[in-house]
Structures are given as structure tokens and as C-alpha cells.
Amino acid sequence: MRIGLGFAATLALAGCMASPGIEPAAPGAPPRVTQSNPATPPSTAPEDSILFWSADRRSAAFRNMAGYFPGLDVAPAATVRELPQGRPLPQAQQEALRAYMARTDAAGLMVLQDGQVRFEDYGLGFRPEQRWTSFSVAKSFTSTLLGAAIRDGRIAGVETPVTAILPELAGTAYDGVSVGQVASMTSGVAWNEDYTDPESDVAKMLTVTPVEGESQAVTYARTLKREAQAGEKWVYKTLETNLLGLLVERAVGMPLAEYAAVKIVEPAGLAGGMFWMQDLTGGNIAGCCISLRLADYARFGQFVLEGGEGVVPQGWFAQATAQQVSFAPRVPGFGYGYQWWTYPGNTFGAQGIFGQAISIVPEKRLVVAVVSNWPTPTSNAYRDEFRALVSQIAE
């Protein structure tokens with residue numbers, strides 16, 4: 001997806017240092033969430049989209065998104081989850097993983113089994129203490145926050161109409177759509193997610209002129225048309241995750257990053273905190289652009305694998321990672337849940353452009369996290385190879 005934020009963002013974010021919903025820290029304690037702005041406002045020129053940057057420029061940005069774009073920075077967990085060393089993978093599997101990393105410009109890959117590190121390696125000069133951006137892996141974080149909002153009683157459930165929480169969408173293509181249909185991307189709203197097309201919806205949604213008092217997601221949603229009845233057609237739409245994040249923010253009364261500080265960073269024990277990018281109106285981009293350490297992507301996966309007790313409703317992850325949509329017969333075994341991809345063999349995962357992924361194999365208590373700088377935003381061959389490697393480890 002295009003990330004295009006400019007001088008308008010600096011103006012829009014000027015008042016965000018004390019954003020509503022970010023509670024002040026206790027006297028003498030550092031704040032949990034702070035505003036981060038780059039020294040130089042990012043460009044909004046279409047030709048300067050991150051999709052078209054050189055590999056070297058992307059590599060520098062992916063490990064330092066806060067230096068390029070505004071966002072909210074979440075402090076590390078007060079109690080970090082330890083990741084003890086486990087039995088190393090067989091040498092042949094280690095060699096296969098390192099060969100994959102070299103071939104696909106991976107910056108880091110970690111394998112956890114039973115919460116223990118069985119493999120960890122880095123490339124592209126990336127270091128364990130650095131963060132790397134995730135792009136659409138963020139969607140699965142937003143799904144987790146939806147579950148937390150349901151458990152907290154702020155959202156009644158996935159059958160809740162979108163307009164019950166966002167009444168400003170009444171009369172738009174999202175009128176009559178449920179929260180679950182947005183979460184599974186089956187709203188029936190027409191959308192173009194072509195990363196190579198500068199005129200696609202995904203390329204334009206973050207550059208739409210902000211409307212005072214309105215989220216950018218809502219402003220762009222007003223321009224969309226319906227192409228099918230809600231629940232009848234699946235189309236991948238990053239805007240719908242942005243709307244889902246806005247639903248959660250509205251329901252819980254705080255920014256996503258603040259809610260994530262309590263519902264993900266602390267309980268998952270993230271060691272390096274979190275950076276979550278903002279759009280032109282100062283809202284976290286729910287469908288993209290969380291930056292974490294490699295080990296913290298794995299910690300999040302472990303948190304999901306263990307069920308998120310005390311954060312999401314019991315059985316939430318089983319529901320969210322079940323096939324709400326099946327891609328069969330075109331792609332047998334594959335499908336989509338509530339912002340999670342489902343794979344053959346009762347496995348599931350989160351994935352983002354340029355080669356970011358978390359794959360989880362519950363039956364083997366296995367989590368595999370990878371961060372990369374692929375030459376192109378998408379590659380079915382690289383995805384297939386990664387899943388094949390995960391399957392080999394799980395055997």
C-alpha cells in the first residue's frame with residue numbers, strides 16, 4: 001500500500017501530543033505512548049511512494065519508519081517475555097532457512113517452538129534490537145484489538161452493524177454492513193488493491209484531502225460503491241482494516257496504539273515496544289505500518305498461539321483464524337478469517353507486502369516470524385516457499 005503523508009500531516013498532528021484517550025502517566029513514570037514526528041515532513045508525490053523506492057532506500061526506511069513518518073510510539077512492556085533457547089533445528093533446516101533468507105532479502109527470521117527459540121538469524125545489516133515495519137501484518141494486530149474490545153464489552157459482537165458505532169457511514173456503501181463483514185472483507189464494496197497502479201484505491205486512500213473532524217478512512221469510504229450484497233463476495237481491502245481500527249478506537253475511546261499498549265504490548269511482553277504510523281488526520285493506520293523487533297513479532301505470535309487469555313474472549317483466535325471465507329476451488333485449503341490468512345493443514349498467519357509474515361502451526365506449538373525487503377511488494381513464489389519451509393519444520 002502507498003504511504004504518502006506530507007506537510008498537511010504535520011499540521012494535522014500538531015495537536016496530537018496530548019491526544020484524547022492517552023491517559024497521562026503516573027507522576028514520575030514515563031508515558032506509555034508518545035507522539036513521534038520525523039524531522040522532515042514526508043513527501044506526498046505519487047512518484048515518491050514507498051512502493052517505488054530503491055531497495056537501499058526501502059531497507060533504510062523499513063528499520064526506521066519513525067524517522068520518515070509520524071506515528072505513536074509505545075514503550076516496551078514492563079515485564080518482557082523471556083524467549084529461552086531451545087533445541088536448535090537440524091542443520092539441514094537451518095541451511096535451508098538461511099538460503100531462503102539470502103535469496104529473498106530477508107532481514108531476520110525466528111522460529112519458536114513451545115515458546116523457545118530454535119532458530120534466529122539476521123541479514124541486510126539488521127540487528128536484534130532494531131525494529132522493522134510489518135505493513136499488513138498490522139491487520140492481525142487490529143483483529144486482536146477487535147477481540148479485546150468485544151471482551152471489554154465495548155463492541156457487542158461481530159454482528160454489530162458498522163453504522164451503530166460509526167453513524168457517519170449511514171447512507172454510504174457501508175450502510176447495512178456488519179463489523180464481522182468488514183473484518184472478513186466481505187462487505188460487497190468495490191475496491192482496487194493493485195500496488196502497481198498509482199490510480200488504485202489503495203494508492204489514493206491515504207492522500208485524500210482531510211475533512212475537519214472526520215477520519216481519512218471515512219472520507220475515502222464515502223467515495224466507494226457497492227458491487228455485491230454484504231457477505232457474498234471477498235475482496236482484499238486495506239481500507240476496511242482502517243475502518244475496523246476506527247470502529248475499535250471509537251468503541252474504546254482511545255487511539256489504537258494506546259489500546260495496543262494495554263492489550264498487546266504488555267500481555268505479550270514485547271521487549272522493544274511498538275511504533276504505529278498515523279494518517280493525515282492523526283489516526284493510526286490500522287491496516288498497515290506497525291514496527292517491532294523480530295523477536296516481538298514472534299512474541300505476538302506466541303501470545304496468539306496461547307489464546308490471549310484475559311485479553312480476548314475465550315476462543316476468539318479460533319474464530320478469528322477460522323475460514324470465514326474459503327478460496328476453494330480456485331486455491332484449495334486457503335482462505336481468510338477476521339484479518340488472518342488461513343492455510344492448509346490447520347495453520348494460519350499474518351502477512352504483509354515486501355515479505356513480512358508470522359506463521360502459526362497450533363498442533364506443533366510453532367511460530368515462525370520473518371521480516372524482509374523483497375524486490376517487489378508481492379511474490380507468490382516467495383510466499384509458497386516460506387510456507388513450505390514452515391511445513392518442513394512442523395513435520
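Helix α11 (residues 294–305) lies across β5 and β7 (290–292), running at about 105 degrees to β7. Welcome to a predicted model, in which local features need pLDDT of at least 70, side-chain atom pairs count only at pLDDT 80 or more, and totals for chains, interfaces and linings use all residues. Residues are numbered from 1 along each chain as its sequence is written, and side-chain values use heavy atoms, with hydrogens and water left out.

A few terms first. Helices (H or I, at least four residues) and strands (E, at least two) are DSSP runs numbered from the N terminus, and two strands pair if DSSP finds at least two bridges between them. Contact means heavy atoms within 4.5 Å. Axes are lines fitted to C-alpha atoms, for helices over the stretch in contact, with angles from 0 to 180 degrees between N-to-C directions.

**The five-stranded sheet**

- Five strands make up an open, antiparallel sheet, in the order β1-β2-β6-β7-β5.
- β1 and β5 (132–133) are at its edges, each with a single partner strand, so one side of each has no neighbour in the sheet.
- Helix α10 (residues 256–268) packs on this sheet and touches β1, β2 and β6, its direction making about 150 degrees with that of β6.
- Strand β1 (residues 33–36) is joined to strand β2 (residues 71–74) by four bridges, and the two run antiparallel; here V33 stands opposite V74.
- On to the next pair: four bridges also link β2 to strand β6 (residues 274–277), again antiparallel.
- V74 has M274 as its bridge partner in β6, while D73 stands opposite F275 of β6.

**The eight-stranded sheet**

- Eight strands form another open sheet with antiparallel pairing, ordered β4-β3-β13-β12-β11-β10-β9-β8.
- Its edge strands, β4 (116–122) and β8 (325–326), each pair on one side only.
- Strand β3 (residues 106–113) runs antiparallel to β4 and is joined to β4 by six bridges; V111 stands opposite F119 of β4.
- Helix α13 (residues 380–394) lies across β3, β10 (341–343), β11 (347–352), β12 (356–361) and β13 (366–372), at about 30 degrees to β12.

**V390 in helix α13**

- V390 is part of helix α13 and is buried, with a relative accessible area of 7%. Buried means under 20% relative accessible area, exposed over 50%, and partly exposed in between (1.4 Å probe, protein chains only).
- Leaving out residues up to four places away in sequence, V390 touches S359, V361, L366 and V368.
- V390 and L366 are 24 residues apart along the chain, and their C-alpha atoms are separated by 8.8 Å.

**Cavities**

- On a 1 Å grid over the protein atoms alone, a cavity is a set of points where a 1.4 Å probe fits but cannot get out, and lining residues have an atom within 4 Å of a point.
- The largest cavity is lined by Y343, A350, Q351, A357, S359, R383, F386 and R387.
- β11, β12 and α13 each supply at least two residues of this lining, and α13 gives the most, with three.
- By type, the lining residues are four nonpolar, two polar and two charged. Ala, Val, Leu, Ile, Met, Phe, Trp, Tyr, Cys and Pro count as nonpolar, Asp, Glu, Lys and Arg as charged, and the others, Gly among them, as polar.

**Backbone features to check**

- Most residues other than glycine have a negative phi, and most peptide bonds are trans.
- The peptide bond from A328 to P329 is cis, with omega near 0 degrees; P329 lies in the loop between β8 and β9 (335–336).
- M185 has a positive phi, near 60 degrees, though not a glycine. M185 sits in the loop between α6 (179–183) and α7 (201–204) and is buried at 0% relative accessibility.
- N346, also not a glycine, has a positive phi of about 60 degrees. N346 is in the loop between β10 and β11 and is partly exposed at 48% relative accessibility.

**R151 in helix α4**

- R151 belongs to helix α4 (residues 138–151) and is partly exposed, at 44% relative accessibility.
- Apart from neighbours within four places in sequence, R151 contacts G310, V311, V312 and P313.

How values were computed: 1 Å grid on protein atoms, 1.4 Å probe; cavity = no way out; pocket = protein on both sides within 12 Å on 5 of 7 lines; lining within 4 Å.
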